[in-house]
Amino acid sequence: MTNTPQLRPLGETLGTEALGIDLSQPLDAADFAWIAHAFAEHPVLVFRDQNLGAGELAAFGRRFGTPRRHALVKYRHAEHPDVSWLTNVDEAGKVDWYGVKRATDWHTDSTYEDDLPLLAILHAKEVPSEKGGTMFADMAAAYAALPAATRDKLAGLTGLHGRHTGPAGEKLYGDLKGVTEKQYHEMPWPAVVRHPATDRQILFVNPMHTHGFVGMAREESWPLIEELAAHATQERFVYYHHWRVGDVLMWDERATMHRGAGDSRPEERRIMLRTIVYAN
Ligand SMILES: [Fe+2]
């Protein structure tokens, strides 16, 4: 490592630039340790002006764990299936409406799966002329700001997660659910988890996939999920990332929720590479 990399905050709560790192070069142990340490404290970490191929992005992801293939085959990268396309353009160059609408309400990825991703990485290749950002909510800060009575109530609760079965999932997807290779069953996760590196408590309920709590009637659980989502997505906990071509952005899949802002013109191309990484 020649120059020590630097951190620069982007948002009030989340969003931190890591300066002085070229991800196209092999990362030595010191650089990697610096990134891993920074990421534990800053769960949305941005590297500007990068130019990575899909193979290089997958290799970066593999430093942290094991990338997993996207459930929707059509979005997998042909040569590097550990990487998928996040795109609003179909094979014929027309607007892909599922790609436009996809993931534009608050969620944490894959909480309906048997195991949880550690992190995900997006690399912007084409971005709209304005807007088209990705929003992140700080779920540790949101948890800490809950009233004590709510924190007490959540301490004993286990959330139930399905594919798009939460309040936001039903609204967003309705009959436009993607066809995947596998069937999903309901997954239980504690409503509050601890971050493995910082030990901070994190609100682990998201309105896309959480559709109830063990032992709680729907009339009670549904409003609670919506109330928690409204709380966690107040402006004070949210960072809006304005994409530039070349951005590599990694986020912690437990400490944050995210959504596509869905606010750019759909006919403007928005193309990114993505990899999602699980513990080895
Ligand atoms: Fe997502």
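Trp-251 comes out as buried in this predicted model, because its relative accessibility is 2%, where anything under 20% counts as buried. Its ring partner is Phe-136, and the two make a tilted aromatic pair, with 5.5 Å from centre to centre and 55° between the planes. Phe-136 sits in strand β7 (residues 134-138) and Trp-251 in strand β14 (residues 248-252), so this contact ties together parts that are 115 residues apart in sequence. Phe-136 is also tucked away: its relative accessible area is 0%, so this residue is buried.

Strand β7 brings the story to a sheet. An open sheet of 3 strands runs in the order β13-β7-β15, with antiparallel pairing. The edges are taken by β13 (238-241) and β15 (256-260); each has a single partner strand, so one side of each has no neighbour in the sheet. From one strand to the next, the twist averages 20°. Between β7 and β13 there are 4 bridges, in the antiparallel sense, and Met-135 has Tyr-240 in β13 as its bridge partner. In general, strands of a sheet pair through backbone hydrogen bonds, which can be parallel or antiparallel.

Another open sheet, again with 3 strands and antiparallel pairing, has the order β9-β8-β12. Here β9 (187-190) and β12 (210-213) are the edge strands, each pairing on one side only. The twist in this sheet averages 35° from one strand to the next.

Phe-32 and Phe-64 make up a tilted one, at 4.9 Å centre to centre and with 50° between the planes. Phe-32 belongs to helix α1 (residues 29-41), while Phe-64 is in the loop between α2 (54-62) and β4 (66-67), so the pair links parts that are 32 residues apart in sequence. Both Phe-32 and Phe-64 are buried. Ring pairs also join these two with Phe-47 and Phe-60 into a cluster.

Arg-68 lies over the face of Tyr-278, 3.6 Å from the ring centre. Likewise, the charged end of Arg-102 sits over the ring of Tyr-75, at 4.7 Å from its centre.

The iron ion has His-107 (NE2), Asp-109 (OD) and His-258 (NE2) as its protein donors, at 2.1 to 2.2 Å. Along the sequence, the donor residues follow the spacing H-x1-D-x148-H.

Finally, helix α7 (residues 218-232) can be checked for length. Its 15 residues should span 21 Å at 1.5 Å a residue, and the end C-alpha atoms are 21 Å apart, so the two values agree. Buried residues in α7 include Ser-221, Trp-222, Leu-224, Ile-225, Leu-228, Ala-229, His-231 and Ala-232. An α-helix has 3.6 residues a turn, so residues three or four places apart point the same way.

Methods: Residues are numbered from 1 along each chain as its sequence is written. This is a predicted model: local features need pLDDT of at least 70, side-chain atom pairs count only at pLDDT 80 or more; totals for chains, interfaces and linings use all residues. Side-chain values use heavy atoms; hydrogens and water are left out. Two strands pair if DSSP finds at least two bridges between them. Helices (H or I, at least four residues) and strands (E, at least two) are DSSP runs, numbered from the N terminus. Axes are lines fitted to C-alpha atoms, for helices over the stretch in contact, and angles run from 0 to 180 degrees between N-to-C directions. Donors are N, O and S atoms within 2.8 Å of the metal (3.2 Å for Na, K and Ca); water is not among the atoms, so sites may look incomplete. The expected span of a helix is 1.5 Å times one less than its number of residues. Buried means under 20% relative accessible area, exposed over 50%, partly exposed in between (1.4 Å probe, protein chains only). Rings of Phe, Tyr and Trp (its six-membered ring) pair if their centres lie within 6.5 Å; planes under 30 degrees apart count as stacked, over 60 as edge-to-face and the rest as tilted. A charge sits over a ring if NZ of Lys or CZ of Arg is within 6 Å of the ring centre and within 35 degrees of the ring normal.
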